[in-house]
Amino acid sequence: MKAEGTPHVDAIDWEADYERVAAALEEETHSTEDVRRELGLEQIDKETFFANFKGLFALGGMIPVPPLPLECLPIKPEEEAAARGASDALYDICAETPFLQFLLSPESEWAKRGFAILAFVGPKLMAVRAELAAKARAEREAKETGRKQPAKAAPVATPDADPQRL
C-alpha cells in the first residue's frame, strides 16, 4: 500500500517535478535530500538497502525447495566487504536512474510483489530445468547404449480394424 499523501507513479507530473527540483538546486538553498523530501520522494538509506540486499541472498539458503537451500547464496563474513560494495553501487544506480528510484522508496510494494512472482515462477523454472535435464540424460544414455528411442508407430487403419482402438 502506498503511504497517505504519496502520489501514485501515474499521477506524478515528471516534467514539472524535474523543473522544481532543478530550480531548487540552482538556488542552492536546499540540499537534494530536502528537495526529495519536499516532493514526497524520500528514500531508504544505504544501510537499510544493504540489509535488504543481504536478506535476498539469505533467502536462497532458507527455502527448502530443491535445489534449494543453497549454502553458497547467503553472504559470508569474508564476502561482506565485496557485498557492501556491490550493494552500494546498486543503490547509487537506483538513486541516479529515475525509473529505478521506486526501488529505494520506503513505501514501495515492489519487493512484496517480486517475492510473490518468484514464489510462483521459481518452482516452475526448477521443474523446467529438471525436465530438460532428465530428457538430456535419457538421450545421452540412449546414445551410449546404442539404442534409439522407440518411435511411436502411427495406427494403421484397415477395413476390419476397430475404430475405437485406433
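Me: Buried means under 20% relative accessible area, exposed over 50%, and partly exposed in between (1.4 Å probe, protein chains only). By that scale, is C94 buried or exposed?

Reply: This is a predicted model, where local features need pLDDT of at least 70, side-chain atom pairs count only at pLDDT 80 or more, and totals for chains, interfaces and linings use all residues. Residues are numbered from 1 along each chain as its sequence is written, and side-chain values use heavy atoms, with hydrogens and water left out. C94 is buried, at 2% relative accessibility. C72 is exposed, at 55%.

Me: How many disulfides does a search of the whole structure find?

Reply: A disulfide is a covalent bond between the sulfur atoms of two cysteines. The test is a pair of cysteine sulfur atoms within 2.5 Å. The search finds zero here.

Me: What is the overall fold made of?

Reply: Helices (H or I, at least four residues) and strands (E, at least two) are DSSP runs, numbered from the N terminus. The chain has five helices and zero strands. Its order is α-α-α-α-α.

Me: What share of the chain is buried?

Reply: Of the 166 residues in the chain, 15% are buried. The accessible surface (Shrake-Rupley, 1.4 Å probe; for residues, only the protein chains shown count as cover) is about 13200 Å². Carbon and sulfur atoms hold 61% of that surface.

Me: Which residues make up the largest nonpolar core?

Reply: A nonpolar core joins buried Ala, Val, Leu, Ile, Met, Phe, Trp, Tyr and Cys residues through side-chain atoms within 4.5 Å. The largest one has five residues: I44, F49, Y91, C94 and L104.

Me: What does I44 touch, leaving out residues up to four places away in sequence?

Reply: Contact means heavy atoms within 4.5 Å. I44 touches F49, N52, Y91, L103, L104, S105 and P106. Across the chain, take contacts with a separation of 6 or more: 48% of them join residues 24 or more positions apart.

Me: Where is S87, and what does S87 touch?

Reply: S87 is in helix 4. Its relative accessible area is 0%, so S87 is buried. Leaving out residues up to four places away in sequence, S87 touches F49, F50 and F53.

Me: Which residues make the nonpolar surface patch?

Reply: Patches use residues with over 30% relative accessible area and no salt bridge; nonpolar side chains (Val, Leu, Ile, Met, Phe, Trp, Tyr) are joined within 5 Å, like charges within 9 Å. L56, F57, L70 and L73 make a nonpolar patch of about 300 Å². L73 sits in the loop between helix 3 (46–59) and helix 4 (80–96). L73 is partly exposed, at 30%.

Me: How many salt bridges are there?

Reply: Side chains of opposite charge can pair when their charged atoms come close. The rule is a side-chain nitrogen of Lys or Arg within 4 Å of a carboxyl oxygen of Asp or Glu. The count is six. One of them pairs R84 with D88 at 2.8 Å, N to O. R84 and D88 are four residues apart in helix 4, so about one helical turn separates them. R84 is partly exposed, at 21%. E47, R84 and D88 are linked in a salt-bridge network.
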